[in-house]
Amino acid sequence: MKYNVGDLVVRRWRDDIFWEMVGIITNVYHDPMGSEWNRHIIKWANPEYNIDSQGWRVGEFELIEDATKKCPTK
């Protein structure tokens, strides 16, 4: 799946949705090895989650609308 700057996302890890971590993609670094290796810089709504990292990879977050379909009761 392709994610774009401005997409509203939520943290996901191993099929668990972490609703306390909601953010917006602010930058995408494209990797020459393919889109699954792209790094996404995310500005989280809660500033305590905004760590100095090299970005998040696909599979570590999900679009809000997709997460809501999978887990409608937040």
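Q: What should I know about numbering and confidence before reading the model?
A: Residues are numbered from 1 along each chain as its sequence is written, and side-chain values use heavy atoms, with hydrogens and water left out. In this predicted model local features need pLDDT of at least 70 and side-chain atom pairs count only at pLDDT 80 or more, while totals for chains, interfaces and linings use all residues.

Q: How many helices and strands are there in the protein?
A: Helices (H or I, at least four residues) and strands (E, at least two) are DSSP runs, numbered from the N terminus. Here there are one helix and four strands, and the elements run β-β-β-β-α from the N terminus on.

Q: In what order do the strands of the sheet lie?
A: Two strands pair if DSSP finds at least two bridges between them. The four strands form an open sheet in the order β3-β2-β1-β4, with antiparallel pairing. The edge strands, β3 (39-44) and β4, each pair on one side only.

Q: What lies between β1 and β2 in their hairpin?
A: Two residues lie between the strands, and Arg14 in this hairpin takes a positive phi near 50 degrees.

Q: Is Glu62 buried or exposed?
A: Buried means under 20% relative accessible area, exposed over 50%, and partly exposed in between (1.4 Å probe, protein chains only). Glu62 counts as buried because its relative accessibility is 3%. Glu62 lies in strand β4 (residues 61-63). Across the whole protein, buried residues make up 28% of the 74 residues.

Q: Which residues does Glu62 touch?
A: A contact means heavy atoms within 4.5 Å. Not counting residues up to four places away in sequence, Glu62 touches Tyr3, Leu8, Val9, Val10, Arg12, Ile17, Ala67 and Lys70.

Q: Why does the radius of gyration of the protein agree with a compact globule?
A: The radius of gyration is taken over C-alpha atoms, and the globule rule is 2.2 Å times the number of residues to the power 0.38. With 74 residues, a compact globule would have a radius near 11 Å, so the 12 Å of the protein agrees.
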